[in-house]
Structures are given as C-alpha cells and as structure tokens.
Amino acid sequence: MTLKQPPRFAVLQLSGCAGCEVSLLNASEWIDQFDLAFMPLVTSAYDVPEVDVLLISGGVRSDEDLHNLRQAVKRAKKIVAVGTCAISGGVANLGNRDEVRRLFMSQTERHDLPRLLPKSQPVDSFVEVDLFLPGCPPTPELFMGALLGPEDFVASKTVCQECGRKKLKDMKPAHLTGSRGGEVDPEICLINQGYLCVGSSTRGGCRALCTRPGHPCVGCRGPSDLLIEKDSQAWLESIQRVFAAMTDIPAEEIHEALLSPQLSLFLFQFSDYAGTGQPPRPKEKVL
Ligand code: SF4
Ligand code: SF4
C-alpha cells in the first residue's frame, strides 16, 4: 500500500519585509499536512519546483522580481497572493511616492543590483491569481485557511465584529487623541476614546489582533466585502461617516489624519486603487 503524498507548496518572496514568512512559520499545523518544497528563508533549494500551491509574498519592484514571478507560476497549480505587498504594492509601493522615487532613480547606475521597475506593482498585474490573502502580515490562522481550504475558514465581515469593545453613544471626543494618549480603557471602543481606528470598514479575519489589546486598527486586511469592489474614495468616505456619527471631531481633522504619511504607511491598500487602473478584486477571491 502506498501512502498518500501530502500536498506540496512553495513560498516565493518578492520585494517585501519577510514578515509574511515569519507569520507562516508560526502556523505550526502546516508541518504535518503539507510538504514545504521551497522557501528561501528556511530551505536551500534554488528554484521553485512543481507544486500544488504557490504562495507569493512581496510586490513586483524589480526586473528580477518579475522574472522570478513568471518562472515560478508555470510550476504551480494554484496561485495565492499573500499579504499587502503582493496584493497592493505594500511597503515597496511607498517608493511610488514621488519624493521616494526621485531618491531611487538617482541611484540608477548601480549595475550590481536588480534594475528597479518604474513603479512597484501587485502580483496580479502580471499573473493570474486564484486567491488573495490580505494582511500585513496575515496571521498564522489565515495562512492555514488559505492552505487547507477557505471554505473551512469562518471570519467576521469586519474587524469591529471581532473586536468586542463597547461603542458608547454619549462619549464623543472633540479631537483625535494621537499616538500618545495615555492609558486606554480596555472595554470601550477606541473611537470613543479618540483613536483613529478603521476597524468598522476593514475586513475581519485577524480576530481583531490589534484593537483587543488597545491599538487602533490601521486597516491592514483591506476594505470589507461591502467596499472591496469599490474605489478607495468609498473606503475613505465610509470611515469618515463612522467618525461623523460617533465623534465631534471635525471632518477635516479626520481627513487629514487618514491621508497623513504615517497612516498611509499602513493604509497602503490605497496604492493599487490610486490611478493605476487596477480593477478591484472580486470578493469571492479574497480570504
Ligand atoms: S472601531 Fe475599532 S475599537 Fe471600536 S469596535 Fe471597531 S475595531 Fe473595535
Ligand atoms: S486589527 Fe486591523 S491592522 Fe490589526 S491585524 Fe487586524 S486588520 Fe490588520
């Protein structure tokens, strides 16, 4: 009798920070259920072999990224774009900001490095993707959901639904608290306490990892199902409506904070909607 072979998967890392790989390594269950064939962080193989599932992290930032991507997808049955960089450009996409691009482009004579593409782009600008797994990084549980079958993974529609903090009608801050607001009440919604939390418009699945211990959600899982097929303006307006209803904070203050460089570091899902012509992903393909 021959034993059934476990499904094989590989991890292709493009331009990113390796946070997705570290999160995957925390998903200890995969060890028994999958055969990890390629992941440069932990295996010494040089090329992606034939696999059942190819997880792709990082954005397409250089000609080397693009070459590796095109070679790897030929050898995989199912393609999963993992994390914000692969889906939206992410951290590498910050280089698309004009001031950062100028800095990069002044270094174009560095022949020993891969040639930078004019702009960072998400993986599905170049290859067809079967499943998108957003998060910065996705949690180990989300990785398991992507590998074992999204149909078995049950997530709430928004981070708010997973958060469990109480929203109070009579506690309306007049201004944003800022990042050094002092002690955070463990029971009450962070918006009531003046924090710029965007969990009401962000897709669930992370089990409110940040907000439960008291850090505002910065939207790393991207827009919720209600918003995912709309443009970035719809997401921004949805956040602003929540703050208009729950606080007395002037709309301009919220708008300015949402577009500030500090927050756009995290709300970088906006990158792929902002004028690149990238169509929104169908929600059925997003875990
Ligand atoms: S807005 Fe933020 S803190 Fe408030 S319930 Fe939603 S996720 Fe929790
Ligand atoms: S709470 Fe928000 S920022 Fe934190 S992991 Fe979840 S979606 Fe990402």
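Let me start with ligand 1: 14 residues surround it, and the closest are Cys-160, Cys-163, Cys-189, Cys-197 and Gly-199. A residue counts as near a molecule or strand if its C-beta atom, placed from the backbone, lies within 6 Å of it. By class, this shell has 9 nonpolar, 3 polar and 2 charged residues. Nonpolar here means Ala, Val, Leu, Ile, Met, Phe, Trp, Tyr, Cys and Pro; charged means Asp, Glu, Lys and Arg; the others, Gly among them, are polar.

Before going on: this is a predicted model, where local features need pLDDT of at least 70, side-chain atom pairs count only at pLDDT 80 or more, and totals for chains, interfaces and linings use all residues. Residues are numbered from 1 along each chain as its sequence is written, while chains are lettered from A and ligands numbered from 1 in the order in which they are written.

Now ligand 2. The residues around it include Cys-206, Cys-210, Cys-217 and Cys-220, and also Val-159, Thr-202 and Arg-221. Its shell has 8 nonpolar, 3 polar and 1 charged residues.

On to the fold. The protein chain has 12 helices and 7 strands, taken as DSSP runs numbered from the N terminus (helices H or I, at least four residues; strands E, at least two). An open sheet is formed by 5 strands, ordered β2-β1-β3-β5-β7, with parallel pairing; two strands pair if DSSP finds at least two bridges between them. At the edges are β2 (35-38) and β7 (131-133), each pairing on one side only. From one strand to the next, the twist averages 30 degrees. Inside the sheet, β3 (residues 51-57) and β5 (residues 76-82) pair over 6 bridges, and Leu-55 has Val-80 in β5 as its bridge partner.

Helix α7 (residues 140-148) lies across β1 (8-13), β3, β5 and β7, at about 170 degrees to β7. Axes are lines fitted to C-alpha atoms, for helices over the stretch in contact, and angles run from 0 to 180 degrees between N-to-C directions. Contact means C-beta atoms, placed from the backbone, within 7 Å.

Which residues of helix α3 are buried? In α3 (residues 63-73) they are Asp-65, Asn-68, Leu-69 and Ala-72. They are on the same side of α3 because they cover an arc of only 105 degrees around the axis, the arc being that of the directions from the helix axis to the C-beta atoms. Exposed on the other side are Asp-63, His-67, Arg-70 and Gln-71. Buried means 20 or more other C-beta atoms within 10 Å of the residue's own, exposed 12 or fewer, with C-beta atoms placed from the backbone.

Key:
Two residues are in contact if their C-beta atoms, placed from the backbone, lie within 7 Å.
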